[in-house]
Amino acid sequence: MEPHTVLLTAQIPLRSGREAALAEAFDRLRERSLQEPGVLSFERLAGATGTASTASTTGAVSTVVLREEYRDEATLDAHLAEPHTAEFLAVLPGLLAAAAAVRVDLVRTVRAFDVPPAAAG
């Protein structure tokens, strides 16, 4: 089997005014998660603003993208079993304007190279 990492990407459509609550919950999760063996990266990326219609709400929605990378599938499974992950997942539904879309991909490196800095001068 070829070496790969596991990439989890989640698109989180937030209720209006819930951005700070997500940021706070995610920052707590990130701090603890990066201490777990095999967690390679844990990021909250800037999102887009749009409009969502659900059965219970219509209005402005801010979508935040979470990106997490793990050494392997066992590392992801261990992360999902951590108490701090359960705490985050318990808070998340109250922040959502619609269902969060989560995707897990295997990522295989096909080429890696360095780009040298420009010469001083």
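A contact, as used in these legends, means heavy atoms within 4.5 Å. The model shown in every view is predicted.

**Figure 1. Overall fold and contacts of the protein.** The protein contains three helices and four strands. Read from the N terminus, these elements follow the order β-α-β-β-α-α-β. Among contacts between residues at least 6 apart in sequence, 76% join residues at least 24 apart.

**Figure 2. Surface and interior of the protein.** Of the 121 residues in the protein, 32% are buried.

**Figure 3. The largest pocket and its lining.** This pocket has a volume of about 160 Å³. Its lining consists of 14 residues, and those nearest the centre of the pocket are Leu 8, Ala 10, Glu 68, Phe 88 and Leu 89. At least two lining residues come from each of β1 (5–14), β3 (58–70), α2 (73–80) and α3 (83–91). Sorted by class, the lining comprises 11 nonpolar, two polar and one charged residues.

Figure 4. Arg 71 lies in the loop between β3 and α2. Arg 71 counts as partly exposed because its relative accessibility is 45%, and this class lies between buried, under 20%, and exposed, over 50%. When residues up to four places away in sequence are not counted, Arg 71 touches His 4, Thr 5, Pro 37, Gly 38 and Leu 40. Leu 40 is 31 residues from Arg 71 along the chain, while the C-alpha atoms of the two residues are separated by 6.5 Å.

Key:
Residues numbered from 1 in each chain as written. Predicted model: local features only at pLDDT ≥ 70, side-chain atom pairs only at ≥ 80, totals over all residues. Heavy atoms only, no water. Buried < 20%, exposed > 50% of the residue type's maximum accessible area, 1.4 Å probe, protein only. 1 Å grid on protein atoms, 1.4 Å probe; cavity = no way out; pocket = protein on both sides within 12 Å on 5 of 7 lines; lining within 4 Å. Points joined across faces, edges and corners; volume = space filled by probe spheres on them. Nonpolar A, V, L, I, M, F, W, Y, C, P; charged D, E, K, R; others polar.
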